[in-house]
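Please study the sequence and the three-dimensional structure shown below before reading on. The explanation after them is meant to be followed with the structure in view.

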Amino acid sequence: MSDWLSDLIFWIAVAAILFGLRRQRIFWTVGALGLLLVFNQFFTPGFFHLQVLDGHLYGSRIDVLNQGAKVMLLSLGMVLVIATGGVDLSVGAVMAIAAAVSSRLLVTQHLPAGVAIAVALGVSVLAGAWNGLLVAGFGIQPIVATLVLMVAGRGIAQLITEGQIINFLDPTMVYLGNGHLFGLPFTLTLVIVMLLLTHFLVRRTALGLFIESVGDNDEASRYSGINAKQVKFLVYTFSGLCAGLAGLVACSNIKSADANNIGLYLELDAILAVVVGGTSLQGGRFYLVGAVVGGLFIQTLTTTFYAKNVSSDIAPVPKALVIIAVCLLQSEVFRTRFARVLSPIEKFLKPVGSWLPRHLPTTARHDSPKS
Amino acid sequence: MPPLLEIAGLSKSFPGVKALDAVDLAVQAGEIHALMGENGAGKSTLIKVLTGVFPRDAGETRLSGKEIAPKSPREAEALGISTVYQEVNLIPHLSVAENICIGRQPTWIGTVRWGAIAKRARAALARLDLSLDVNRQLSSYSIAIQQMVAIARALDVSAKLLILDEPTSSLDKTEVDELFKKLRILRQDGLGIIFITHFLDQVYEITDSITVLRNGCRVGCFATKELPRINLVSHMIGRNLGQVEALEQTRASTATIRSETPMLEARAMGKKGSIQPLDLDIRPGEVVGLAGLLGSGRTETARLLFGIDNPDQGTIRINNQPVKFRSPRTAIRYRIALTPEDRKVAGVIPSLTVRENIVLALQASRGSWRRLSIVEQEKLADRFIKSLGIKTPSREQIVRNLSGGNQQKVLLARWLATEPKLFILDEPTRGIDVGAKAEIEKLIQSLRQDGLAVLFISSELEEVVRQSQRVVVLRDRRKVDELTEAAISEQAIMESIASHSSERPEA
């Protein structure tokens with residue numbers, strides 16, 4: 001298939017998704033991602049190049065999906081924590097712990113990969129439960145409570161690896177972060193499965209309602225009979241699980257466990273992904289799909305800078321600027337103030353969009369906007 | 001001479017709600033003008049548009065004949081429109097002088113001139129005929145004095161128009177008198193004053209004219225002296241006089257008590273520092289009123305019965321079974337419901353929708369796995385929106401955007417959905433307009449007729465008398481009396497509170 005044809009199909013798909021979402025809260029997040037892609041279409045030669053090798057797809061967009069998996073996984077846990085009015089700073093360190101545990105079991109204990117992965121995830125869940133205990137059980141402020149593990153976690157990971165960088169070649173572990181399924185990176189499947197699982201967990205049960213209720217008004221939720229402590233404990237534990245998965249993917253990517261660098265500063269990317277995805281740091285309403293798209297956005301940004309040869313020392317500056325722009329686009333106040341500039345764009349989008357389906361099935365009705 | 005303030009055709013819409021619809025208002029210099037209306041009538045919106053908190057959609061405002069359009073409260077202040085809000089918006093830990101001058105402190109090359117501040121504060125207070133130690137911490141003065149400091153602060157900028165939004169809601173009678181004395185001084189100085197309150201007595205005591213709003217429209221402007229009280233009420237709620245009078249005369253009959261076995265039986269239940277041990281029975285089909293002054297232990301009793309606090313002595317039996325509540329969750333399992341005194345803190349979940357707020361307690365009692373389907377939730381929400389007459393553009397409206405009375409109804413709906421056996425209502429009518437009040441009272445009576453046990457807490461004695469078959473009187477965190485049926489009257493309750501206080505040795 002020639003490039004221009006696949007590009008055309010891609011852009012039609014992007015346009016269709018945008019129109020479908022035009023009344024949804026996450027429109028601005030997806031729109032920002034679209035704009036970033038438009039920029040790359042014109043100014044980053046080769047960004048849209050796709051090629052098939054051994055039946056697998058390769059290209060910058062595929063890289064984004066693959067590399068973005070870690071932040072997307074983290075953001076699934078983070079968005080729930082933030083929805084309860086908290087924050088989990090320890091996810092980066094928990095990633096390092098999961099990586100250390102799995103590779104240690106694999107290499108020095110010679111255990112099968114399945115066991116190593118299961119134990120690593122179990123330890124991550126425990127780490128999350130520890131955070132949950134501090135926040136829900138002892139009422140410590142989330143920033144302080146999770147800061148403990150953020151600082152101590154890397155030390156724990158160092159202890160487990162005994163200060164070494166553990167390399168491994170186990171095919172199952174390597175597959176996790178490098179393998180392909182249906183011609184696409186396996187991590188994409190992992191993210192989609194986790195997204196569906198989380199969606200089921202919070203929207204097919206009443207947990208999502210309880211999370212939003214607790215985040216919006218803790219006291220009133222308690223008066224209504226919601227077990228606020230249990231809800232909080234659960235989201236931190238779940239965030240631990242997500243961090244564990246992300247940690248496994250991260251060490252699989254580089255085929256080694258480096259306790260010092262795995263997941264470094266990724267908690268900040270995850271928080272940003274959630275915010276870019278439309279969820280307020282004050283808690284309450286949350287947007288699951290938005291958070292994942294936010295993660296994708298941040299990875300696209302990072303990859304764009306790589307492609308444009310922006311030095312990684314300077315990259316945070318333009319990154320910050322773009323993120324500020326996205327947050328401004330989401331702000332009611334900003335949008336009303338600059339309505340004159342923005343409304344022609346919306347007007348232009350509307351007539352073309354009218355023939356498209358009103359709601360995409362992927363967005364839950366809870367994701368609908370306020371009014 | 002043109003009026004001091006003239007508003008013409010002012011309109012303001014929020015998504016789904018027309019909050020103000022072409023409202024006119026004229027306030028003369030040297031007059032106190034009451035702005036009346038039920039909750040949700042548009043009073044606060046009008047004030048907020050006038051002072052630049054919200055932008056207007058249409059209409060004109062003229063101050064002393066000059067067209068104005070302030071974009072912020074600060075700009076409005078500079079133009080001469082000052083506002084004092086219901087809750088005192090001052091900083092308790094700063095001194096009186098600092099509170100009066102903060103944000104516009106006189107400076108000398110960047111440093112604050114403390115002497116000038118004190119002088120200016122004293123001058124501002126003098127205008128109210130008030131002399132305070134301006135260097136003392138504000139919180140060391142009573143709420144009433146703090147209120148006056150707030151007014152002094154508002155007057156410090158050369159105010160022409162003073163807006164008082166429910167300034168008396170936390171003041172007692174003598175404090176109100178004191179405040180009114182000051183307002184009369186200001187009126188003589190030629191200030192225009194807009195006065196918002198729920199207390200009809202005060203309107204007739206101090207105001208010169210009344211503008212009534214209803215559903216965002218102006219009903220009319222009247223001279224206070226020429227408007228009989230009953231007409232004012234009927235203008236506010238938009239019903240004819242007969243209905244209003246009928247409402248005032250309903251008195252609960254006692255015929256519905258289902259059985260003599262109490263639904264809830266508390267014996268010597270108490271908690272140190274909260275409430276002295278007391279006995280309390282509530283039977284199915286009975287409304288028990290809990291009367292007493294503020295701080296007498298009414299809310300504390302409710303908290304014990306709902307498991308928010310745990311009693312450290314005594315027993316509670318439900319249907320003859322001894323129970324122990326560790327949290328509201330346990331109490332809810334025994335089909336107890338409670339609407340709290342403080343709606344904002346412990347009641348509504350402000351940024352969730354009406355539907356979500358209504359299903360919340362029922363869903364919580366079902367746990368997270370047995371989720372009510374969207375269709376069930378919508379049915380439930382629609383049923384209560386209709387049966388309780390909740391005024392909302394849709395069930396997906398964010399609760400924060402509803403008026404106080406409608407928020408209260410949403411809370412009632414939340415608990416009615418759980419089909420409770422005992423309903424504890426802590427001040428269900430506080431801060432609610434007359435119409436919603438009457439509806440809630442009617443609802444309580446119909447619940448009673450359906451065989452519910454109701455514990456009704458209210459500061460308004462006449463309401464307690466009207467609603468209850470039995471009244472428990474509390475004083476100083478102690479149960480002092482219990483009145484039944486014919487013995488219940490405002491007089492009897494007041495006497496009971498007073499007589500028991502005289503038993504105590506004079507301090």
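The following paragraphs consider the contact between the chains, then helices, a sheet and some single residues.

This is a predicted model, in which local features need pLDDT of at least 70 and side-chain atom pairs count only at pLDDT 80 or more, while totals for chains, interfaces and linings use all residues. Residues are numbered from 1 along each chain as its sequence is written, and chains are lettered from A and ligands numbered from 1 in the order in which they are written. Helices (H or I, at least four residues) and strands (E, at least two) are DSSP runs, numbered from the N terminus.

The contact between the chains comes first. Two residues are in contact if their C-beta atoms, placed from the backbone, lie within 7 Å. Chain B contributes 27 residues to this contact and chain A contributes 24 residues. On the side of chain B that touches chain A, two or more residues each come from helix H11 (328-333), helix H12 (343-346) and helix H13 (354-366) of chain B. The largest share of that side, six residues, belongs to H13(B). Residues can also be sorted by class: Ala, Val, Leu, Ile, Met, Phe, Trp, Tyr, Cys and Pro count as nonpolar, Asp, Glu, Lys and Arg as charged, and the others, Gly among them, as polar. By this division, the side of chain B that touches chain A has 17 nonpolar, six polar and four charged residues.

H13(B) also packs within its own chain. Its partner is helix H14 (residues 374-387) of chain B, at an angle of about 100° and with the axes 9 Å apart. Axes are lines fitted to C-alpha atoms, for helices over the stretch in contact, and angles run from 0 to 180 degrees between N-to-C directions. Angles under 35 degrees count as roughly parallel, over 145 as roughly antiparallel, 65 to 115 as roughly perpendicular and the rest as oblique. H13(B) and H14(B) are therefore roughly perpendicular to each other. In this contact, residues of H13(B) including B:Val354 and B:Ile358 meet residues of H14(B) including B:Leu380 and B:Phe384. The contact of H13(B) with H14(B) comprises seven nonpolar, one polar and two charged residues.

The axes of helix H2 (residues 27-43) and helix H13 (residues 288-307) of chain A come within 9 Å and cross at roughly 20°. H2(A) and H13(A) are therefore roughly parallel to each other. Among the residues that make the contact are A:Leu33 and A:Leu36 of H2(A) and A:Val293 and A:Phe297 of H13(A). Eight nonpolar, six polar and no charged residues take part in the contact of H2(A) with H13(A).

Which helices of chain A are mostly covered? A residue is buried if 20 or more other C-beta atoms lie within 10 Å of its own, exposed if 12 or fewer, and partly exposed in between, with C-beta atoms placed from the backbone. Helix H9 (residues 207-216) of chain A is mostly covered, with ten of its ten residues buried. The cover of the buried residues of H9(A) includes helix H3 (60-83), helix H8 (186-204), helix H10 (218-223) and helix H11 (228-254) of chain A, together with H13 of chain B. Helix H12 (residues 266-276) of chain A is also mostly covered, ten of its eleven residues being buried. After H12(A) comes A:Gly278, which has a positive phi near 100°.

Chain B contains an open sheet of four strands in the order E14-E13-E16-E17, with antiparallel pairing. Two strands pair if DSSP finds at least two bridges between them. Strand E14 (275-282) and strand E17 (321-323) of chain B are the edge strands, each of which pairs on one side only. Five bridges join strand E13 (residues 264-271) of chain B to E14(B). B:Lys271 stands opposite B:Ile275 in E14(B), and B:Leu264 stands opposite B:Ile282. The hairpin of E13(B) and E14(B) has three residues between the strands, and B:Gly273 there takes a positive phi near 75°.

Most residues other than glycine have a negative phi, and most peptide bonds are trans. A:His110, although not a glycine, has a positive phi of about 55°. A:His110 lies in the loop between helix H4 (91-107) and helix H5 (113-137) of chain A. With 9 other C-beta atoms within 10 Å, A:His110 is exposed.
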